[in-house]
Amino acid sequence: MSGIVGIWNLKDQPVEKPLLQRLSATLAHRGTDGEGIWSRRSVGLACRNLWVTPESEKEIQPKVHPSGTVVVFDGRLDNREEILARLKGSHDISPASSDAALILAAYRAVKERLPEWLVGDFSFALFDPHEPQLLLVRDALGVRPLYYYRTADTFLFASEAKALLSHPQVSAQPEDDLLADFLLDRFHDQERTFFKGISSLPPAHAALISPKGFRKWRYWDFDPSVRIHLGSYPEYAEAFREVFEKSVKRRLRSAYPVAVSVSGGLDSSSVLCQAEALIQRNSGFCPRVFGVSSLYPEGTPSDEHSYLSHIETCYGSRIHRIPFGPFGLPDRSEAEVWHIEVPFLDELWADTHRLMETIHRLGARVLLTGHWGDQFLFSQDY
């Protein structure tokens, strides 16, 4: 989870480096592996780097291509082999190249069609000084956030709204209509935020900014007409197993340990067991996998100790147990709202915070969960 931010003064006014550094400083919590700053007259980009994948270690973004194109990238590419095959013959990339380097090389090949090549969990901004133009892209499901603010003179983007609010042109005023929709439980807007003038780039969208104007488009969508017809129920089960294994395998690509938030349910337990099976077959995905669980007292209706013990016995793994609560609703609520930038209180936030602190202390930089797996795969009766 790196933090990216940028400024483009569209009337060619030089970027003030102290201002860019101030915006970057608001994202320091997103990346602890060094800060990178790049500026060329009216354009400035910054990145708070967090190394996760083996290819990204020691890389300090922004990443600059020999052509002068520059990118700030937050996330993970899952189809690296496919991109490398498409770019076969390119002398500036290899299987050891970082995801950011692949983004730059692919852009050189296909320009604005770049988002169509990418599969993964990411948001990024790429500036091409030769056009000149700035390309913003957010992953298909919107896992990584990306916000922007624009006027006739200035374009700003960042991983979090708080970075944009640090710019003197952006005033911290609430978006009253959206707040009303939220309070009435009809909050379905993927572009508006709770801050007036600040927009969110929707999932599966790209935007192109230039002195000529602003254009936004959807580069991918689900195709509801697609049907898969197999011969039997076991064949469907096997097809699902293959997709599930592939999805877990992709998310294990890490230079650091990978944590799994696990309970006794089918969803999170399946993720942990699949990850352990993959690691036991090939330890090259990541150094290790471990489970972390918030547990209710033994003997209560929510006691899941026995389920976790079965998993540990089967896979020879260790699941770190964290006693649950008791907490009050307002405990650490200010920190929650600061992070999510939404007027919402989660009654489990304090427990989630303790879970995250444990995962961080144990050295993991990737957390997998089974959240919503049961709801997706089973009926409400289950």
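Mentor: On a 1 Å grid over the protein atoms alone, a pocket is an open set of points where a 1.4 Å probe fits, with protein on both sides within 12 Å along at least five of seven lines, and its lining residues have an atom within 4 Å of a point. The volume is the space filled by probe spheres set on the points, which are joined across faces, edges and corners. The model is predicted, so local features need pLDDT of at least 70 and side-chain atom pairs pLDDT 80 or more, while totals for chains, interfaces and linings use all residues. Residues are numbered from 1 along each chain as its sequence is written, and side-chain values use heavy atoms, leaving out hydrogens and water.

The second largest pocket holds about 360 Å³ of space. It is lined by 14 residues, of which Asp78, Arg80, Glu81, Lys249 and Arg253 are the closest to its centre. Two or more lining residues come from each of α2 (80–86) and α6 (233–251); helices are DSSP runs of H or I with at least four residues, strands runs of E with at least two, numbered from the N terminus. The lining has 8 charged residues, 5 nonpolar and 1 polar. Here Asp, Glu, Lys and Arg count as charged, Ala, Val, Leu, Ile, Met, Phe, Trp, Tyr, Cys and Pro as nonpolar, and the others, including Gly, as polar.

Asn49 belongs to the loop between β3 (43–48) and β4 (63–64), and Thr32 to the loop between α1 (17–25) and β2 (35–40). Asn49 is buried at 2% relative accessible area, whereas Thr32 is exposed at 59%; buried means under 20%, exposed over 50% and partly exposed in between, with a 1.4 Å probe and protein chains only. Beyond four places in sequence, Thr32 is in contact (heavy atoms within 4.5 Å) with Asn49, Leu50 and Arg365. Among the partners of Asn49 beyond that range are Ser2, Asp33, Glu59 and Gln61.

Finally, consider the whole protein. It has 11 helices and 16 strands. Its radius of gyration, taken over C-alpha atoms, is 22 Å, close to the 21 Å of the globule rule for 382 residues, so the protein is as compact as a globular protein of that length. That rule is 2.2 Å times the number of residues to the power 0.38. Of the 382 residues, 47% count as buried.
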